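Morning, everyone. Please bring up the protein on your screens, and we will walk through it together.

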Amino acid sequence: MPTSYIYLAILLYTFGSSSILVQGVFQQQQKPLLPFSSPTAVSNSNISSPPQYGRFLHLTDIHMDDHYKVGATITSFCHRDPRKHKKKKARKGKLAGHWGTPTTDCDSAPHMVYHSIDWIAQEWKDKIDFVVWTGDNARHDTEPGKIRRSGREILEYNIKITGALQHAFKRADNSSVPIVPCIGNNDIHPHNLLTGPTDTGDSNPQLVVYSDIWRDLIPKDQVATFRHGGYFSVDVAQGIRILSLNTLYFFDSNTAVGRCDAYGEPGWDHIQWLQQALEQARSEGIKVYIMGHVPPTTKTFKRDCLHDYTRLALDYQDVIKAHFYGHANADHFQILHRYPKKKKHQHQRLARQQPMDDDDDDDYDNDDDDDDDDSNGGCGRGIGIRRSNMGRQLRKQYKKNLKRYNGINDLVVIHVAPPLLPVYNPGFRVNEYNVDPTSPRFGTWMKYTQWYTDLAHWNEQYAHGNTTPPSFQVEYTTDVDYEMKDLSPQSWLDLARLFVQKSPAAHSLWSNYLQNMVVQT
């Protein structure tokens with residue numbers, strides 16, 4: 001039996017015949033919704049009310065680990081108790097903390113995940129318009145020889161966290177805050193690999209499963225599109241639309257699919273859908289936020305997929321107000337540049353892209369989440385070194401692209417939020433945007449506030465008998481700490497230009513940026 005159908009069998013075994021999926025999922029022969037030909041490829045949700053609060057939440061990379069064990073050794077990825085010298089190891093900080101273990105390769109403690117979701121919701125559910133949730137909910141496969149991840153386990157994490165978010169973000173009037181999900185590279189099995197529809201037109205069974213798990217989050221008129229390609233569109237407020245991408249079909253590590261310029265490949269379909277969705281938003285006067293898991297870079301995206309993405313981002317910059325991603329586990333932004341126009345599509349299936357040219361090689365990428373032997377970027381093996389390397393590459397990227405290209409006419413700014421996973425300290429982001437429909441700046445991203453919790457402090461408190469659960473605090477705000485009047489692409493390019501200057505003020509600002517990158521660890 002193919003792996004994808006085993007994945008479905010796991011779901012049926014786990015949740016029984018009451019699941020919606022039991023009703024004919026193995027016999028599913030539904031013709032997929034061609035994203036480039038059907039007008040329903042873009043959601044026409046019945047969102048008639050204007051945005052209420054002008055704020056939205058961004059959560060990413062939760063990585064819950066049911067095997068997390070308080071007091072376990074860090075070298076066992078917080079999975080097993082020490083065989084000896086437990087007190088000595090505890091004094092030296094070599095054992096898993098109660099609330100989590102930052103700056104190590106351990107994933108998130110379940111009780112901290114649930115507490116974080118509840119704390120955030122209690123503080124913000126009545127002050128935000130929607131939630132952007134950019135994937136990777138399951139733990140990393142850090143010990144395949146001892147505790148190998150299974151498809152069933154991955155599904156269970158996503159079902160649990162989906163349920164926790166839906167429950168937590170229900171308002172007093174029984175309305176729900178819209179939550180917009182997407183698939184992460186650790187939310188599928190095997191890790192990183194996701195095939196497209198079969199030759200007979202059947203959807204990938206993993207996407208069918210997620211369409212059921214997220215049945216309350218994906219608009220009904222988008223289910224067929226999601227089952228076809230794992231992407232969808234949703235109107236979260238009047239005049240505001242989110243395009244949730246399936247970046248696995250652009251991802252260089254996904255060897256199960258081919259190029260974006262090969263006719264009929266999943267990536268090709270996805271690009272056609274994205275262009276159609278943006279064109280329709282433009283014709284309707286809708287403003288769009290694009291979200292996904294893996295951020296577009298020269299090292300993460302297949303080369304032609306990156307070129308197509310950048311081209312569309314620039315062609316529709318009057319429609320797109322921001323790009324939101326996760327995956328890299330570090331708080332930063334990066335700048336992509338326009339590429340020369342490609343030759344006419346070669347309508348054939350190609351397995352992989354050609355090697356990148358030399359001009360691409362020094363573009364920054366922080367793809368920490370891909371290597372099984374370094375799943376969290378080796379955080380416990382030198383935060384200072386990693387931060388320095390990241391900063392050096394980013395500064396080089398900023399300087400080169402600002403010098404070579406013509407500002408917002410040629411450059412796209414991509415934003416990567418830090419994770420709730422305690423790679424450093426857990427964090428979340430509250431964004432603010434213009435909600436005046438009469439303003440020409442309607443939908444413009446105006447500012448964000450980055451929140452975090454200091455797990456070292458709360459673990460120490462717990463060790464001394466204070467069982468009060470952690471609270472979150474403001475780390476920084478873009479208007480105060482970066483002195484940004486708004487978060488338009490031009491403002492980010494102005495900040496990058498300041499970063500590369502040689503002045504005491506620029507050096508101080510850059511130092512703050514580097515510290516924020518690793519969430520105050």
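**A buried asparagine, and what surrounds the rest**

N329 counts as buried because its relative accessibility is 1%; buried means under 20% relative accessible area, exposed over 50%, and partly exposed in between, with a 1.4 Å probe and protein chains only. N329 is not a glycine, yet its phi is positive, about 60°. Look for N329 in the loop between β7 (320-325) and β8 (332-337).

Some ground rules. This is a predicted model, where local features need pLDDT of at least 70, side-chain atom pairs count only at pLDDT 80 or more, and totals for chains, interfaces and linings use all residues. Residues are numbered from 1 along each chain as its sequence is written, and side-chain values use heavy atoms, with hydrogens and water left out.

Now compare E483. E483 also has a positive phi, about 55°, and is not a glycine. Is E483 buried or exposed? E483 counts as exposed, because its relative accessibility is 70%. E483 sits in the loop between α12 (478-481) and α13.

Next, the whole chain. The protein chain has 14 helices and twelve strands. These are DSSP runs, numbered from the N terminus: helices are H or I with at least four residues, strands are E with at least two. Buried residues make up 60% of the 521 residues.

Which residues have the most contacts inside the largest nonpolar core? They are F169, F333, Y398 and F428, and that core has 127 residues. A nonpolar core is a set of buried Ala, Val, Leu, Ile, Met, Phe, Trp, Tyr and Cys residues joined through side-chain atoms within 4.5 Å. Another core, of six residues, lies apart from it, and includes V423 and Y424.

On to two helices. The axes of α13 (residues 489-499) and α14 (residues 504-517) come within 8 Å and cross at roughly 115°. Axes are lines fitted to C-alpha atoms, for helices over the stretch in contact, and angles run from 0 to 180 degrees between N-to-C directions. So α13 is roughly perpendicular to α14; that label covers 65 to 115 degrees, with under 35 roughly parallel, over 145 roughly antiparallel and the rest oblique. L495, L498 and F499 of α13 make the contact with A506, L509, W510 and Y513 of α14. Contact means heavy atoms within 4.5 Å.

Last stop: a proline. The peptide bond from H189 to P190 is cis, with omega near 0°. P190 lies in the loop between β3 (179-181) and α5 (205-213).
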